[in-house]
Amino acid sequence: MQSDISIQRLKQFPPLMWILLFGSFITRGSFYMVWPFLAVILYERFGLSATEVGLILSSAAFVSVGVSFIGSALSDKFGRHLMMYGTGLLYIVSFALLAEADSVISFIVVITLCSVASSLWRPLTSALTGDIIENSQTRELAMQSLYFIVNVGCAIGPIAGVSLGLTGEQSGFYITTYAFVILLVLLFWGFGNQKKKKLSRDVNIEVNSEFTTPPLTPLSQNVDGGYAPEPKQKKEQEQEQEQEQEQEQEQEKLPSSGEDSEKPTFKQTLNVLKNDKLFQCLIFANVICMFIYGQMDSSLVQYLTRAEVPNLLELISSIIFTNAIIIISFQFILLRLMRRQSLITRVKIGLLLLSASQFWIAVNPLTLFWGFIGATIVMSLAEAILFPTMNVHIDRIAPAHLRGAYFGAASFYEFGFALAPLGGGLILDYLNGFWLFTFAGALTFIVIYLYHILEKLPRGFTPRA
């Protein structure tokens, strides 16, 4: 029965949602053919230390976080379409330049541009998903599907990169460029199709309202003495009223600044975020969470590279593939198993698994290939629970008129990801991998505590009446 409901909800996805899913697949797949090996390229070509590589990646990420928030907030004012076109063009230009970079300075500049484009694209996609799908349950399934398809691309990307000999090859970045060209063409068609359908729906509503004469009673008397039947529209109106009531109940749970009828100014958006203590705590908790997860993305690669583990590229590719394939295989199974649990409970379970994976890596012998794969499996189960739940959590607490701003502010999570390469690099240079991953594992208990107190914090808003 549950699967039938899910299939029905999938059928409710508009064409633009399917374009976002397909676009996420081709862009993430091409991205992960080469990007995970960027630390290897910088180390082998320029002999940079772990701290220097971490500083480059962290600096780029820090710049991108601020730009992401501003860009996402502006998308509430100027529209998603314009911002997504601009971000797509930035992706194309930056990755084309990355394929040709030949010095440390040029790598720093272009990596920063790539990070800005990536940080802008993710919240815009999430906010657009919320815009085009009204039903909250269908929207949750769409966000789960978006995360699922991203990981399909992540699973295929590294293996394809190894097969095509692109690991460590700069020319591979051109593939991401071509993928975004295709995506922008599809988006142009999708936005146009969505606009036509909206215009057609508005015209139909106007025509129906103009030519439909409301009856006095369900069985009103005609001029010729007969009785008019109950109007056909009544059943449809009742269904629409039920849907509106459901949507109003959902909206009552959301904070409001009282400016629903107008586009919010940037100052109003900042005031909303400043007063929402729950959201601030959520951001801080997830900054730490992303710092922990970021160790798997950058610091682990540096740790393995400098330790000269056997079959380095195969191990890195296998870790990325395992991560993605576990998420693909278990995301919806875990969603079904945990559907009766609250979002907070799901997060706590995910954090315990994340902690276990970090302690496992800390004690795993460098020569034990399958030990790293085992730790990756545990970490991937944690990710399959945590990451989609984070997006759903934001969608539930965000006011509809500030959805872009909230998803943009959620990009502050990336500060944790931005600090991960630098923090991890410093610990690797001055201590070792054992202390790095032990520290990361211990940090998860701070995040668990922050989530425990989360719902007790004030929102700072008057609920909708």
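A residue counts as buried when its relative accessible area is under 20%. Keep that cut-off in mind for this tour of a predicted model.

**Whole chain.** Of its 465 residues, 52% are buried. The accessible surface is about 22,200 Å², and carbon and sulfur atoms hold 63% of that area. Among contacts with a separation of 6 or more, 86% are between residues 24 or more positions apart.

**Helix α6.** Select residues 104-132, which make up helix α6. With 29 residues at 1.5 Å a residue, this helix should span 42 Å, and its end C-alpha atoms are 42 Å apart, which agrees. Since 22 of the 29 residues of α6 are buried, the helix is largely enclosed by the rest of the structure.

**Tryptophan 121 and phenylalanine 180.** Next select these two residues, both of which are buried. Their ring centres are 5.2 Å apart with the planes at 80°, so the pair is edge-to-face. Tryptophan 121 sits in helix α6 and phenylalanine 180 in helix α8, so that the pair links distant parts of the chain, 59 residues apart.

**Tyrosine 85 and phenylalanine 191.** The structure holds 14 aromatic pairs. One of them is formed by tyrosine 85 and phenylalanine 191, edge-to-face, at 5.7 Å centre to centre and with 90° between the planes. Because tyrosine 85 lies in helix α5 (residues 80-98) and phenylalanine 191 in helix α8 (residues 173-211), this pair ties together parts 106 residues apart in sequence. Tyrosine 85 is partly exposed, with a relative accessible area of 24%, whereas phenylalanine 191 is buried at 3%.

**Arginine 346.** Move to helix α13 (residues 343-363) and pick arginine 346. Is this side of the tour buried or exposed at arginine 346? Arginine 346 is buried, its relative accessible area being 8%. Its side chain reaches the backbone oxygen of glutamine 341 at 3.4 Å. Leaving aside neighbours within four places in sequence, arginine 346 is in contact with Glu140, Leu335, Met338, Arg339, Gln341, Ile385 and Thr389.

**Cysteines.** Finish with cysteine 114 and cysteine 281. Cysteine 114 is buried, at 2% relative accessibility. Cysteine 281 is also buried, with a relative accessible area of 11%. The disulfide count for the structure is 0.

How values were computed
Residues numbered from 1 in each chain as written. Predicted model: local features only at pLDDT ≥ 70, side-chain atom pairs only at ≥ 80, totals over all residues. Heavy atoms only, no water. Helix = DSSP H or I, 4+ residues; strand = E, 2+ residues; numbered from the N terminus. Expected span 1.5 Å × (residues − 1). Buried < 20%, exposed > 50% of the residue type's maximum accessible area, 1.4 Å probe, protein only. Contact = heavy atoms within 4.5 Å. Areas by Shrake-Rupley, 256 points an atom, 1.4 Å probe, with all protein chains shown as cover. Disulfide = S-S within 2.5 Å. Polar contact = N/O pair within 3.5 Å; in protein donor to acceptor, adjacent residues only side chain to side chain. Phe/Tyr/Trp six-rings, centres within 6.5 Å; stacked < 30°, edge-to-face > 60°.
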